[in-house]
Amino acid sequence: MSLPEQILAIQSAALEQVTTVGSVRDLEDWRVRYLGRKGELAGAISQLGAVSSDERRAAGQAANGAKAALQEAHSAKLAELKVSAKQDNALDVTLPGIAPVVGGLHLTRHTLYEIIRIFTGMGFTVFETNEVESDEYNFGLLNLPPDHPARDMWDTMYVSDDVVLRTHTSPGQIRAMRQFNPEPLRVILPGKCHRYEAVDASHESMFYQVEGLAVGEGITLASLKGVFEAFAQQMFGSDRKVRFRGSYFPFTEPSVEIDITCNCLGAGCAVCKGTGWLEVSGGGMVHPTVVRNGGYDPDIVSGFAFGMGVERNAMLRHGIDDIRHFYANDLRFLKQFA
Ligand code: FA5
C-alpha cells in the first residue's frame, strides 16, 4: 500500500471509530491514538522523507486533508458530548426532592435521657463510673466477699482474676460515696453492664442500668417509695402506683423488688401476665457495711439505693415484647422510636 493510501486508510478508520465514542475521556484516547504526537497520522507523516517526490506530494496532500478532517471530527464530537452531558445533568425543578437521611437517637439512649431528665428534676445528679471494674468494687465492697454464694446472682465476665466487666451499676455506689463523703448525696449512675447470660426475650448479655443512690440523715424506705412513685408517674403515667415486695441483695437491708401498676391499671393483661403489676427495679436501704465502705458512719446516716434496667423500662413503656430487638440493628425497628 502506497503512503497516500495508508494515510487515507488511517483517516477512514479514525472517522469510523469516532462515531462510537461515548465520553470525553474516550474521545481524548481517540485523539491521542490518531492525532497525537506519536499517533498514527504522525507515524505516517514521518515516512514522507523515504518516498519518491511524486508520492511525497500526494502523501503530503492526503496528510493535510486527513489532519483537517480528524480535527473537525474531534471538535464536532466534543460539542456533541458536551450537549448530552448538559442534558443528563439538567435540573428539573418540578421533580420532588430527595430527603436527606437523618439519624436519630437509639431507643435505649432515648429512654436513658428520659430517666435522667426525671431524676435530675428531683435533684439527683448524674455520676458516671467505670464499665471495667475491679472485682473488689463490683462485689467485695458491696458486701460480697470472694466465695459469697450470692455472687452466683451475677454471671460474670472476667477480664482477669480480679478485673470484671461490671455486672451492675452498683459498684458506682462505693465510688460516689467515696467522692462525696461526708456530705449527703443524691446521684444516679447510668451505664452499660455485662453478664455471661443466655440471651432470651428479657435478657441480653449487654444492657443498661440506672442506679439511684441517696445518702444522708433521716433517709428511710418511705423516701425510696416517694421518689419511685414520682418517677413512675412521670415515666409511665400520672395514675401509677408503686409497691414493694421483699427481696434479697447483699448490699441492701432490707431489700425490695419495686413494682408499678401496669398499663391496664390493675385489670390484668398479657404484659403483666394478669397480675396488674410490673417489676421495674431492685432496691432497698444501703447495707451498713456498704455505707461504711463508702466512708460514712452508718450510725449517723442512712441511704436508699435502687437499680433498674433501661431496656426493660423502654419495653414496658412501648409494649416491646423482646429485648433482642434492641441491638439487632434492624432499622425497621429502631426507626419507630428515633
Ligand atoms: C441488680 O443488678 C442490683 N444491682 C440492683 C440493685 C441496686 C438492688 C441497688 C439494690 C440496690 P438485678 O440483677 O435484679 O439487680 O438487675 C436489676 C435490673 O437490671 C433488672 O430488674 C432488669 O431490669 C435489669 N437486668 C438485669 N439483668 C438483665 C439482662 N440480662 N438483660 C437486661 N436487663 C437486665
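N143 sits in the loop that runs between α6 (135-138) and β3 (158-160). Although N143 is not a glycine, its phi is positive, at about 70°. These values, like the others below, come from a predicted model.

**Domains.** The domain assignment divides the protein chain into domain 1 (3-87) and domain 2 (107-334). Taken over C-alpha atoms, the centres of domain 1 and domain 2 are 81 Å apart.

**Cis peptide bonds.** P182 belongs to the loop between α7 (171-180) and β5 (185-194). Another cis peptide bond links E253 to P254, and here omega is about 0°. P254 lies in strand β8, which spans 252-261.

**The largest pocket.** The volume of the largest pocket is about 1,100 Å³. Its lining is made up of 43 residues, and those closest to the pocket centre are S202, E279, V280, G309 and R312. Several elements each supply at least two residues of this lining: the strands β6 (206-216), β8 (252-261), β9 (277-286) and β10 (302-309), together with the helix α10 (310-318). Which element gives the largest share of the lining? That element is β9, with seven residues. Sorted by class, the lining of the largest pocket holds 19 nonpolar, 14 polar and ten charged residues.

**The ligand.** Around the ligand there are 23 residues, of which H168, S170, R195, E197 and E204 come nearest.

| Residue and atom | Ligand atom | Distance |
|---|---|---|
| W154, polar side-chain atom | oxygen | 3.4 Å |
| S170, polar side-chain atom | nitrogen | 2.8 Å |
| G309, backbone N or O atom | oxygen | 3.1 Å |

On its own, the ligand has 680 Å² of accessible area, and the protein covers 94% of that area. The size of an interface is often given as the accessible area lost when the parts come together.

S170, with a polar side-chain atom 2.8 Å from a ligand nitrogen, is one of the residues that come nearest to the ligand. G309, whose backbone N or O atom lies 3.1 Å from a ligand oxygen, is among the residues closest to the centre of the largest pocket.

How values were computed: Residues are numbered from 1 along each chain as its sequence is written. This is a predicted model: local features need pLDDT of at least 70, side-chain atom pairs count only at pLDDT 80 or more; totals for chains, interfaces and linings use all residues. Side-chain values use heavy atoms; hydrogens and water are left out. Domain bounds come from an automatic or database domain assignment. On a 1 Å grid over the protein atoms alone, a cavity is a set of points where a 1.4 Å probe fits but cannot get out, and a pocket is an open set with protein on both sides within 12 Å along at least five of seven lines; lining residues have an atom within 4 Å of a point. Grid points are joined across faces, edges and corners, and a volume is the space filled by probe spheres set on the points. Helices (H or I, at least four residues) and strands (E, at least two) are DSSP runs, numbered from the N terminus. Ala, Val, Leu, Ile, Met, Phe, Trp, Tyr, Cys and Pro count as nonpolar, Asp, Glu, Lys and Arg as charged, and the others, Gly among them, as polar. A residue is near a molecule or strand if one of its heavy atoms lies within 4 Å of it. A polar contact is a pair of N or O atoms within 3.5 Å; within protein, one must be able to donate a hydrogen and the other to accept it, and residues adjacent in sequence count only if both atoms are side-chain atoms. Accessible areas come from the Shrake-Rupley method with a 1.4 Å probe; for residues, only the protein chains shown count as cover.
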